[in-house]
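Here is a protein chain to read feature by feature.

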Amino acid sequence: MVILLLFGAALLVGRLETEPSVSNAVNRGSDATASVIYATSFPDLTGKQQPIAQWSQRLLIINFWASWCAPCLEEVPLLVRMQQKYQGRGLQIIGIAADSQLNSAKFTQKLAINYPILPDESRAIAFSKRAGNRLGLLPFSVVLGADGQIVMTKLGVFSEPELETLIIKHLPKR
């Protein structure tokens with residue numbers, strides 16, 4: 001019996017280690033399409049509901065994060081640099097925080113975040129799961145092209161070359 005349990009655990013760990021963190025579409029098991037994502041809104045740091053659709057027709061990177069997530073905080077400076085560099089060419093990054101409004105505001109100021117932060121401690125993880133985050137881990141990103149299609153999802157931290165290549169490839173054509 002113990003051997004069977006160990007074998008099952010080894011299979012699960014092996015499957016998780018070999019599972020790719022990036023896909024070209026929403027992961028199996030998700031029910032969010034681009035239209036579902038655009039039809040959703042989250043509160044901003046002042047509590048005002050912000051519809052995601054307001055950022056349609058832009059290259060949109062939705063980054064799910066939290067102040068208690070060390071890899072998330074590691075990734076934020078890269079997202080800030082990319083927003084600064086490419087916002088004039090059609091990029092919009094938004095951060096949906098699985099955190100309180102107070103913590104999100106504090107970390108937005110501390111990290112000099114230059115893109116909208118939408119904190120929703122109770123809905124962020126559940127919505128990320130609908131968008132393909134099967135494990136419910138952070139950071140998790142969904143990338144939507146200016147054409148309204150999901151370009152990719154990613155569980156984990158972007159490297160700078162990976163993110164910049166992705167952005168350049170999918171910026172809206174002018």
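**Reading the chain**

Of the chain's 174 residues, 45% count as buried, that is, under 20% relative accessible area with a 1.4 Å probe and protein chains only; exposed is over 50%, and partly exposed lies in between. This is a predicted model, in which local features need pLDDT of at least 70 and side-chain atom pairs pLDDT 80 or more, while totals for chains, interfaces and linings use all residues. Residues are numbered from 1 along each chain as its sequence is written, and side-chain values use heavy atoms, without hydrogens and water.

Q: What is the mean pLDDT of the chain?
A: pLDDT is the predictor's confidence in each residue, from 0 to 100. Here the chain mean is 86. Of its residues, 82% reach 70 or more.

Q: Where does pLDDT stay under 50?
A: Where pLDDT is low, the predicted coordinates should not be read in detail. In this chain that stretch is residues 1–29. A contact means heavy atoms within 4.5 Å.

Q: Why is strand β4 described as largely enclosed?
A: Count its buried residues. In β4 (residues 59–65), 7 of the 7 are buried, so the rest of the structure largely encloses the strand. Both faces are covered. L59, I61, N63 and W65 lie on one side, with L60, I62 and F64 on the other.

Q: Which strand pairs with β4 in the parallel sense?
A: Two strands pair if DSSP finds at least two bridges between them. The parallel partner is β5 (residues 91–97), over 7 bridges. Here W65 stands opposite A97. Strand β7 (residues 140–144) runs antiparallel to β4, joined by 5 bridges. In that pairing, I61 faces V143.

Q: What unit do β4, helix α3 and β5 make?
A: Point the strands away from the viewer and follow the path from the first strand over the helix to the second; clockwise is right-handed. With α3 at residues 70–86, the three elements make a right-handed β-α-β unit. Helix α3 also holds Q84. Q84 is exposed, at 54% relative accessible area.

Q: How many aromatic pairs are there?
A: Rings of Phe, Tyr and Trp (its six-membered ring) pair if their centres lie within 6.5 Å; planes under 30 degrees apart are stacked, over 60 edge-to-face, and the rest tilted. The count is 3 aromatic pairs. One has the rings of F42 and F127 with centres 5.5 Å apart and planes at 75 degrees, so it is edge-to-face. F42 is in β2 (residues 41–43) and F127 in α5 (residues 124–130), 85 residues apart. Both F42 and F127 are buried. For F64 and F140, the centres are 6.1 Å apart and the planes at 40 degrees, so the pair is tilted. It links β4 to β7 across 76 residues. F42, F64, F127 and F140 form one aromatic cluster.

Q: Which residue lies over the face of F42?
A: A charge sits over a ring if NZ of Lys or CZ of Arg is within 6 Å of the ring centre and within 35 degrees of the ring normal. Over F42 lies R123, 4.2 Å from the ring centre. The charged end of K154 sits over the ring of F158, at 5.6 Å from its centre.

Technical notes
Helix = DSSP H or I, 4+ residues; strand = E, 2+ residues; numbered from the N terminus.
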